[in-house]
Amino acid sequence: MRLLCVTVFAALAIVGCSSQPQMITISQPLVMGSEVLSAGIIADAPIINSEQAPAATTRVYNDRDVPVTIHYQYFWYDQQGLDIPHGAQQQLMRVPAHSSSELLSSSGSVNARQVRIYISL
């Protein structure tokens, strides 16, 4: 029993001390409430251009006969999935009827590798 406890503890210590940090991925880069879909808004997942300070764009489409005002906010993450504060506030965008608009965000950090956008009404 003692040997088993020592073996389990040693294995946990080896795994816990590995030099490679575990990669966390953003599995849902686009988050929208059901009320957004009900309002006729459809959105693509954000696309990151990987220049010096990455920026992201998201195209939103309005299928309705009237313009719809949406609220959106981008959240940036580094290679390991840790949040990168960038001070961006929630933004508003009026999407014209039967049209599309592009939502933009700049990370402000060369370490940014992943992005998530929240869209609501």
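Predicted model: local features only at pLDDT ≥ 70, side-chain atom pairs only at ≥ 80, totals over all residues.
Residues are numbered from 1 along each chain as its sequence is written, and side-chain values use heavy atoms, without hydrogens and water.

## Aromatic pairs

The whole structure contains 2 aromatic pairs. Rings of Phe, Tyr and Trp (its six-membered ring) pair if their centres lie within 6.5 Å; planes under 30 degrees apart are stacked, those over 60 are edge-to-face, and the rest are tilted. One of the pairs joins Tyr72 and Tyr74 in an edge-to-face arrangement, 6.1 Å from centre to centre and with 90° between the planes. Tyr72 and Tyr74 are both buried. Tyr118 belongs to the pair with Phe75, whose ring centres are 5.1 Å apart; the planes stand at 85°, so this pair is edge-to-face as well. Phe75 lies in strand E5 (residues 68-77) and Tyr118 in strand E9 (residues 114-120), so the pair links distant parts of the chain, 43 residues apart. Strands (E, at least two residues) and helices (H or I, at least four) are DSSP runs numbered from the N terminus. Phe75 is itself partly exposed, at a relative accessible area of 25%.

Two strands pair if DSSP finds at least two bridges between them.

| Strand pair | Sense | Bridges | Bridge partners |
|---|---|---|---|
| E5 and E7 | antiparallel | 5 bridges | His71 and Leu92 |
| E5 and E9 | antiparallel | 7 bridges | Tyr77 and Gln114 |
| E5 and E6 | antiparallel | 2 bridges | Tyr77 and Asp83 |

Tyr77 therefore has a bridge partner in E9, namely Gln114, and another in E6, namely Asp83. Strand E6 covers residues 83-84. The hairpin of E5 and E6 has 5 residues between the strands, and within this hairpin Gly81 takes a positive phi near 90°. In a regular strand the side chains alternate between the two faces of the sheet.

## The loop between E7 and E8

Ala97 is placed in the loop between strand E7 (91-95) and E8. Ala97 is partly exposed, its relative accessible area being 27%. In sequence, Ala97 and Asp65 are 32 residues apart, yet in space their C-alpha atoms are 5.0 Å apart. Beyond residues up to four places away in sequence, Ala97 touches Asn62, Arg64, Asp65, Val66 and Pro67, where contact means heavy atoms within 4.5 Å.

His98 is also found in the loop between E7 and E8. Although His98 is not a glycine, its phi is positive, about 45°. His98 counts as exposed, with 54% relative accessibility.

## The salt bridge

A salt bridge requires a side-chain nitrogen of Lys or Arg within 4 Å of a carboxyl oxygen of Asp or Glu. By this rule the count is 1 salt bridge. Arg59 forms a salt bridge with Glu102, and the closest N and O atoms are 3.1 Å apart. This pair links distant parts of the chain, since Arg59 is in strand E4 (residues 55-62) and Glu102 is in strand E8 (residues 99-106), 43 residues apart. Arg59 is partly exposed, with a relative accessible area of 29%, and Glu102 also counts as partly exposed, at 37% relative accessibility.

Technical notes:
Buried < 20%, exposed > 50% of the residue type's maximum accessible area, 1.4 Å probe, protein only.
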